[in-house]
Amino acid sequence: MLNRWIGVLIAVVHCFFMHAEPNKVAVITGASRGVGFAAAELLSFNGFVVYGMVRGSPPKTEENIRFLQADLLDSDAIQNAIQTVLNK
């Protein structure tokens, strides 16, 4: 089941890249591990500026992924994270 979802995710992302413009920005939730981290890496590899939202402490620094600490249940933290993205 998980492999099917990963395959679907890869297909969707691949189609998205076919129409990607330069200087695109992506915000990925759950970017510290699993599918969220894989999506962040894939987007970054394909030229996107990636902001990965994580609930706890950000993982080790990734070269092209900027991690933002924000719990999705905390609206102030989300607003601060999005404001950080918009200010860059």
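1. Contact here means heavy atoms within 4.5 Å. By that criterion, and leaving aside neighbours within four places in sequence, Phe67 is in contact with Ala31, Phe37, Gly52, Val54, Pro58, Pro59, Lys60 and Glu62. Please keep in mind that this is a predicted model.

2. Overall layout. The protein contains three helices and three strands. Read from the N terminus, the order of its elements is α-β-α-β-β-α.

3. The three strands form an open sheet in the order 1-2-3, and their pairing is parallel. Strand 1 and strand 3 are at the edges with a single partner strand each, so one side of each has no neighbour in the sheet. From one strand to the next, the twist averages 25 degrees. As background, strands of a sheet pair through backbone hydrogen bonds, either parallel or antiparallel.

4. Strand 1 with strand 2. These two strands pair in the parallel sense over five bridges. For a position to look up in the viewer, take Val27, whose bridge partner in strand 2 is Tyr51.

5. Helix 2 against the sheet. Helix 2 lies across strand 1, strand 2 and strand 3. Its direction is at about 170 degrees to that of strand 1.

6. The largest nonpolar core. Which residues make up the largest nonpolar core? There are 12 residues in it: Ala26, Ile28, Ala31, Phe37, Ala39, Ala40, Leu43, Phe48, Val50, Val54, Ile65 and Phe67. Two or more residues each come from strand 1 (25-29), helix 2 (34-45), strand 2 (49-54) and strand 3 (65-69). Helix 2 gives the largest share, four residues. Phe67, described in point 1, belongs to this core, and among its contacts are the core members Ala31, Phe37 and Val54.

7. Another core, of seven residues, lies apart from the largest one. Its members include Tyr51, Met53, Ala77 and Ala81.

8. Whole-chain figures. Of the 88 residues in the protein, 28% are buried. The accessible surface comes to about 6,400 Å², and carbon and sulfur atoms account for 56% of that surface. Among contacts with a separation of 6 or more, 36% are between residues 24 or more positions apart.

Key
Residues are numbered from 1 along each chain as its sequence is written. This is a predicted model: local features need pLDDT of at least 70, side-chain atom pairs count only at pLDDT 80 or more; totals for chains, interfaces and linings use all residues. Side-chain values use heavy atoms; hydrogens and water are left out. A nonpolar core is a set of buried Ala, Val, Leu, Ile, Met, Phe, Trp, Tyr and Cys residues joined through side-chain atoms within 4.5 Å. Buried means under 20% relative accessible area, exposed over 50%, partly exposed in between (1.4 Å probe, protein chains only). Accessible areas come from the Shrake-Rupley method with a 1.4 Å probe; for residues, only the protein chains shown count as cover. Two strands pair if DSSP finds at least two bridges between them. Axes are lines fitted to C-alpha atoms, for helices over the stretch in contact, and angles run from 0 to 180 degrees between N-to-C directions.
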